Amino acid sequence: MALVAMAAVPLSAQDVGIRVGAVQAHYADSLAGSAGAVTARASWASARFRGVVDASFARFTTGGWAAQLSGGLLGMRVVTPVFGVGLRLDGDGGYLRTGNWSSTASAGPLAALVAGDLVFSAGVTAGLVRRVDDTAHARFSANLEVRYDVPPWSVAAGVTGTNAGPYRFADATAGLGLRAGRIGVGGLVGARTGSLGGKPWVQG
């Protein structure tokens, strides 16, 4: 979920959309492969706050399915025209056809810096994670991200390091999007290394 942006938004705005595509992913250490996916997104923005809610359903070619719900809220204060600080809240949950489910919740500060058409952001969060094996751990993470948003193109790349109980891992992601009017297309690739490392994944 990309929430960081430094452009001034004088009035509140809302956006609702539906995305249809395909994923190649690994869910909850038990469900992996290719799947068709449908995602619905609702977002809103005002001068100091941005929020987004995503709901998705993926049906795997192997017969399994996964449903996910996630949301985020960002409060940002612009200190100078090119620098801002804020606080973000994030949460998500996933449910598998097998009846297994997982969830996370986290909060933490962040900072953003604008350099021309690029926006750099960095933040840390603390929270809780509940795994599909019914175990729960405290979760701490730190992330760096860079975004390039010049219509009709948007590009983002980031890295995140996470410590959750006995698990330590790092994620790297990169995404590209193109929007023409009300229609947009895009893709996302990622890879994880560490305790829960696995094959790279793609989403389109």
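1. Asp90 is buried, at 17% relative accessibility (buried means under 20% relative accessible area, exposed over 50%, partly exposed in between; 1.4 Å probe, protein chains only). Its salt-bridge partner is Arg88, with the closest N and O atoms 2.8 Å apart. Here a salt bridge is a side-chain nitrogen of Lys or Arg within 4 Å of a carboxyl oxygen of Asp or Glu. Arg88 also counts as buried, at 13%.

2. On provenance: this is a predicted model, where local features need pLDDT of at least 70, side-chain atom pairs count only at pLDDT 80 or more, and totals for chains, interfaces and linings use all residues. Residues are numbered from 1 along each chain as its sequence is written, and side-chain values use heavy atoms, leaving out hydrogens and water.

3. The salt-bridge count is six. One of them joins Asp54 to Arg41 at 2.7 Å, N to O. This pair links distant parts of the chain: Asp54 lies in strand S3 (residues 49-60) and Arg41 in strand S2 (residues 31-45), 13 residues apart. Strands (E, at least two residues) are DSSP runs, numbered from the N terminus. Asp54 is buried at 11%. Arg41 is partly exposed at 36%.

4. Arg131 pairs with Asp133 in a salt bridge, the closest N and O atoms being 3.6 Å apart. Arg131 is buried at 16%, whereas Asp133 is partly exposed at 40%.

5. Thr162 sits in strand S9 (residues 153-164). Its relative accessible area is 6%, so Thr162 is buried. Leaving aside residues up to four places away in sequence, Thr162 touches Arg139, Phe140, Ser141, Tyr167, Arg168 and Phe169. Contact means heavy atoms within 4.5 Å.

Notes:
Helix = DSSP H or I, 4+ residues; strand = E, 2+ residues; numbered from the N terminus.
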